[in-house]
Amino acid sequence: PAQGAPSAGQQFVVLRSTDAGKHWQNISANIAPGYVCQVTVNPANQNDIYVVGTATGGQSSGVLYHSTDGGQTWTTITPTLSIPSPQTIPVWDVQQITIEGSHLFGIQYAQTLVPQQGLPKGLPQPRETTLPRLVTSVDSGHTWTYIDTSLASTSLGVRGYAVDPADITTIYALLGPAFGPVQPRMGAPTGSGVVSTINSALYKTTDGG
């Protein structure tokens, strides 16, 4: 398939090696990751594994598989997002999943209220836009909540993150703008072809967000 995209009927498998790659075992025979597959292994327990796959019959929702015995058996989890009302609750589809201690982390695209830029003072009119948000779960992936709420006012989304394994309340998040048309750089002549650079910012929290 073009650019590595799986074609109809194809699906990923999860392989595990315990001898530095000399031999491999398919540990996903009892699950169906589908055309999306992400894996995270607990650094403190190599038998504690999570796999993000595609829900059967849907191309926009994800499903979470959990194994506590190195992939020999799996539990299927149907995760839910716990978000403040009245925002639209998105379908769970976490990307860049990682595990640190008893917490799972990931990035979830969601409709988010952000402030409008350039409006006269006294006329705050938040608008909804789709942004990648940082989420976490403390109950083995069943329920997920946002931990980047204080960053919503930046109108930027989380592009990447890193959690300090020695202290999971310390998190680094790389933020960037929502996807959309590239706008001309401020002050550039019309038709000059000069476009703006994509602004980004690195944030750090030491209190879990």
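Q: How much accessible surface does the protein chain have?
A: About 12,200 Å² in this predicted model. Carbon and sulfur atoms account for 55% of that accessible surface.

Q: And what share of the residues is buried?
A: Buried residues are 36% of the 209 in the protein chain.

Q: OK, secondary structure. How many helices and how many strands?
A: The protein chain has 0 helices and 14 strands. Read from the N terminus, the elements go β-β-β-β-β-β-β-β-β-β-β-β-β-β.

Q: What about contacts between residues at least 6 apart in sequence: what percentage joins residues at least 24 apart?
A: 46% of those contacts in the protein chain.

Q: Sheets next. What is the strand order in the open sheet of 4 strands?
A: The order is β3-β4-β5-β6, with antiparallel pairing.

Q: Why is one side of β3 and of β6 left without a neighbour in the sheet?
A: β3 (38-41) and β6 (75-77) are at the edges and each has a single partner strand, so one side of each has no neighbour in the sheet.

Q: What is the average twist there?
A: From one strand to the next, 25°.

Q: Over how many bridges do β4 and β5 pair?
A: Over 6 bridges, in the antiparallel sense. β4 covers residues 49-54 and β5 covers residues 62-67.

Q: Which residue is opposite G53 in β5?
A: V63 stands there.

Q: And the open sheet of 3 strands, what order does that have?
A: β12-β13-β14, paired antiparallel. The edge strands are β12 (156-163) and β14 (201-205), and each pairs on one side only. The twist in this sheet averages 25° from one strand to the next.

Q: How many bridges join β12 and β13?
A: There are 7, with antiparallel pairing, and β13 spans residues 171-177. Within this pair, G160 is opposite L174 in β13.

Q: Switching to voids. How many cavities of 30 Å³ or more are there?
A: The structure has 1. The largest cavity holds about 40 Å³ of space.

Q: Which residues line the largest cavity?
A: P132, R133, D148, L151, A152, L156, G157, V158 and L175.

Q: Which elements give two or more residues to that lining?
A: β10 (127-137) and β12 do.

Q: Which element has the largest share of the lining?
A: β12, with 3 residues.

How values were computed
Residues are numbered from 1 along each chain as its sequence is written. This is a predicted model: local features need pLDDT of at least 70, side-chain atom pairs count only at pLDDT 80 or more; totals for chains, interfaces and linings use all residues. Side-chain values use heavy atoms; hydrogens and water are left out. Two strands pair if DSSP finds at least two bridges between them. Axes are lines fitted to C-alpha atoms, for helices over the stretch in contact, and angles run from 0 to 180 degrees between N-to-C directions. Buried means under 20% relative accessible area, exposed over 50%, partly exposed in between (1.4 Å probe, protein chains only). Contact means heavy atoms within 4.5 Å. Accessible areas come from the Shrake-Rupley method with a 1.4 Å probe; for residues, only the protein chains shown count as cover. On a 1 Å grid over the protein atoms alone, a cavity is a set of points where a 1.4 Å probe fits but cannot get out, and a pocket is an open set with protein on both sides within 12 Å along at least five of seven lines; lining residues have an atom within 4 Å of a point. Grid points are joined across faces, edges and corners, and a volume is the space filled by probe spheres set on the points.
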